[in-house]
Amino acid sequence: MLISVTSLSGYLYCPRKLFLTHVLGLVEVPKEVLVKGSIRHETYDSINKIEEELVKSITKKPTLKALTSKYETEYTKILKDAVNSYRDKLKELNLDQSETFNKILPYFIRESQIRSLNLFSFIEKEGLLGEELWQSLIPKIRSEIKINSQNLQLKGIIDQIEVWKNRLVPVELKTGKMPFGGVWPGHRIQLGCYALLLEEKYGSTINYGYVHYLDHEEKRLIKINHFLRSEINDLIKKVQALMVSQEIPGFCGNENKCNACGLKETCSNNELIQNKLTEITTN
Ligand code: SF4
């Protein structure tokens with residue numbers, strides 16, 4: 001059975017939650033922070049997808065102002081579409097579409113300014129435009145790469161891969177709080193899994209990757225070493241056992257996690273949980 005990479009990080013967050021959602025099929029109530037995070041995530045992914053087209057369309061040397069304005073216009077349009085695609089979920093949470101758009105917009109305006117300035121400097125330095133500019137631009141960003149491996153017993157979707165001349169660097173995008181130092185344990189495992197999957201697919205060693213905390217505009221480095229590899233193998237076995245288990249894991253005992261959990265209301269409803277379990281085991 002292939003295990004999704006997010007199930008491993010989910011197990012680290014709370015085995016009970018993973019059991020309730022993936023074994024019993026309970027559905028999380030959407031939370032404001034999660035929906036806003038998904039919108040930012042989707043926007044980020046879409047701006048990476050149009051990068052090639054955008055860069056190739058620059059066939060005359062632009063001014064910095066014109067380039068920035070081009071990026072801002074594209075990113076604003078993409079964000080609008082992303083907010084619009086979440087309108088039903090926003091409605092469910094009583095959130096206004098235009099207010100949500102205005103709250104997220106400054107983040108992408110900043111991103112467009114950073115990217116256009118980088119590109120402008122590259123054009124100034126290399127004097128290339130259009131197709132040639134795109135071909136020479138390093139690193140290129142690939143997004144939402146589906147990948148799986150029977151050998152590793154894993155499947156997942158990598159948020160981003162930085163493609164450098166002779167190396168690949170996986171990047172995991174995250175919204176929400178960033179720890180004081182390093183990254184959250186689940187994020188480290190996720191990044192490690194993507195590195196292993198990429199190594200197997202492309203036959204090259206991956207020594208590091210990043211978790212990019214979007215709300216904090218910070219990328220944190222993760223080294224891929226022997227300890228991380230063996231931790232991932234142990235976790236795969238634990239999650240595989242949980243998926244076929246009929247034993248409900250205990251509460252996680254962490255108030256912060258429970259307060260942020262979309263199953264908080266149903267998690268202690270023993271009757272409902274037992275009924276679900278009986279339903280599944282008798283089918
Ligand atoms: S409410 Fe807490 S214990 Fe229950 S599933 Fe969520 S995180 Fe786990």
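Q: Why does Asp-215 count as partly exposed?
A: Asp-215 has 36% relative accessibility. Buried means under 20% and exposed means over 50%, so a value in between gets the label partly exposed. Keep in mind that this is a predicted model.

Q: What makes the contact of Asp-215 and Arg-40 a salt bridge?
A: Their side chains meet at 2.4 Å, N to O. The cut-off is a Lys or Arg side-chain nitrogen within 4 Å of a carboxyl oxygen of Asp or Glu, so the pair qualifies. Asp-215 sits in the loop between strand 5 and strand 6 and Arg-40 in helix 3, so the pair ties together parts 175 residues apart in sequence.

Q: Is Arg-40 buried or exposed, and how do you know?
A: Arg-40 comes in at 14% relative accessibility, so it counts as buried.

Q: How do you know that strand 5 and strand 6 pair?
A: Strand 5 (residues 208-213) and strand 6 (residues 218-223) share 6 bridges in the antiparallel sense. Pairing takes at least two bridges, so they pass. Tyr-213 stands opposite Glu-218 in strand 6, and the hairpin has 4 residues between the strands, with Glu-217 taking a positive phi near 50°.

Q: What makes Glu-162 and Lys-219 a salt bridge, and which parts does the pair link?
A: The N to O distance is 2.8 Å, and the limit is 4 Å, so this is a salt bridge. Glu-162 belongs to strand 3 and Lys-219 to strand 6, 57 residues apart. Glu-162 is buried at 7%, whereas Lys-219 is partly exposed at 39%.

Q: Why are Lys-36 and Glu-32 said to be about one helical turn apart?
A: Because they are 4 residues apart in helix 3 (residues 32-49). Lys-36 is buried at 17%, while Glu-32 is partly exposed at 38%.

Q: Which classes of residue make up the shell around the ligand?
A: The shell has 6 nonpolar, no polar and 2 charged residues. The surrounding residues include Cys-14, Lys-17, Phe-251 and Lys-264. Cys counts as nonpolar and Lys as charged, so Cys-14 goes in the nonpolar group and Lys-17 in the charged one.

Conventions: Residues are numbered from 1 along each chain as its sequence is written. This is a predicted model: local features need pLDDT of at least 70, side-chain atom pairs count only at pLDDT 80 or more; totals for chains, interfaces and linings use all residues. Side-chain values use heavy atoms; hydrogens and water are left out. A residue is near a molecule or strand if one of its heavy atoms lies within 4 Å of it. Helices (H or I, at least four residues) and strands (E, at least two) are DSSP runs, numbered from the N terminus. Buried means under 20% relative accessible area, exposed over 50%, partly exposed in between (1.4 Å probe, protein chains only).
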